Amino acid sequence: MRLSGDLLRLADAVLLPGFAGRTPPDWIRRRLGQGLAGVVLFSRNIAAPDQVARLTTALRAENPAALVATDEESGEVTRLEAATGSSRPGAYALGVVDDVTLTEELARDLGRELAAAGITLDFAPSADVNSNPDNPVIGLRAFGAAPDLVARHARAFVRGMQSAGVAACVKHFPGHGDTSVDSHHGVPVVALDGMEAALRPFREAIAEGVRTVMTGHLLVPTYDPGLPATLSPKLLTGLLREELGFDGVIVTDAIEMAGVSAAYGAGGAAARAVAAGADAVCVGGERSDEATAVEVRDAIAAAVTEGVLPEERLADAARRVRELAVWTTSSGSTITRPDHPAPADGPVGLVAARRAVRVTRRSADPVLPVTTAPHVVELAPEMNLAIDKGTPWGVGAPLAALLPGTAVTRLAAAEATGPAIERLVRASVGRPLVVVVRDVHRHAWQQEAVRHLLSARPDAVVVEMGLPARSDLGAVHIATYGSAEVCGRAAAEVIIGRAVTG
């Protein structure tokens, strides 16, 4: 079937593809000139702030109204600082501090950095209520497990981000917190009860004026037992548009994720998502080639000719995306960005990370401060696909900067064998031992490694950089509520006695 040029251009007007490289490939330039809505940047596109600014300038040379999006949440999910680790803690640490003024200021600071780089849409914050501590994909990305806490910090983040002229995006509607499946790999099912609690942060963010909402590839049987939210008219049109009154842009999570593409393919899922009420389709996190972007565009156009997707719905989606682009362009030129000097006690990200640290002392012995070079053992679990695998984390590097001579050993699951642990015990004789974990409660191998280490070294300091489901490990237990670079630095300061925490 031959598709008309006008219909293909209309389909392109709702697409936000990703691409490889740090300069725009020819196909992106060409498609932008023909009306492509915009692009999504990932860490593979980012080297330094001035490079990103040149990249976004080149993109807008082809289409001045192009949206340039990224999912810079701060903390674990960072794109701007994937190579160095985030200079701001993630959402959970902000929820622990529970100072909405601090959250708003951090989001404003991040928004200014994004705006300076030419990024106009940020897929943040997560408005998920992380009520399931075994959740494999949300966890520290949420502000917490209490709906009211998440709601007030989601509002504060939206205020701060949008005051900098960058559109915020609450995700993953209608709530990915109470799930135990990663939607990159399958279809999570949301529990039958608790939906009102999960929706509360989205209601509050909509009341705050959030410009975009991202769908989750989640099955919500109470609303639609057959289709995940991204593909469900009952959830996107009935619940989000009509009941919650959201009038901004509905954007899909990456359409190639298995949660929706396994059944329909990326193109089929994209067409069904727009028909259900989505306005912008993200593609290219995992499949960033031109062929995929063409496949998705052509599938959307074909769905119109086949009667699956009304052309009026596609035109409405394109209008909403265009209006968002106009807002980002106009707000970027009118919102003032005064230069706020860094607080006396450090940049806002460091201030937040320091305030989030919690210390549990379980020994009467003077374990802290550590004044001689320790041996740091970092237990590194496999992370979900939302987190860049190359992003630095840990306490070893910042502690080595403060205490030269610090030894650092990092072990993955397959490496944390009994003999390897015994060698570490012997290597640490005569020096302090610091054991660093991430979500130890979710990983049996970490639990066994910690048990083995503490049986030989009960005087060890344990630093939990994930969710601290338990604080009864080590002579001193330090919870950072995040694994961002700045969280590791804050923990290192506590270990050497440079910072005082509650």
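Let me start with a pair of charged residues, D279 and R313, both of which are buried, where buried means under 20% relative accessible area, exposed over 50% and partly exposed in between, with a 1.4 Å probe and protein chains only. Please keep in mind that this is a predicted model, in which local features need pLDDT of at least 70 and side-chain atom pairs count only at pLDDT 80 or more, while totals for chains, interfaces and linings use all residues. Residues are numbered from 1 along each chain as its sequence is written, and side-chain values use heavy atoms, with hydrogens and water left out.

D279 and R313 form a salt bridge, their closest N and O atoms being 2.8 Å apart; the term stands for a side-chain nitrogen of Lys or Arg within 4 Å of a carboxyl oxygen of Asp or Glu. Because D279 lies in the loop between α9 and β8 (281–283) and R313 in helix α11 (residues 311–334), the pair ties together parts that are 34 residues apart in sequence. Helices (H or I, at least four residues) and strands (E, at least two) are DSSP runs, numbered from the N terminus.

By this rule the model has 41 salt bridges. Another one joins R159 and E104, with 3.2 Å between the closest N and O atoms, and it links helix α6, which holds R159, to helix α5, which holds E104, across 55 residues. R159 counts as partly exposed at 30% relative accessibility, whereas E104 is buried at 17%. Both residues also belong to a network of salt bridges that includes R108, R155 and E208.
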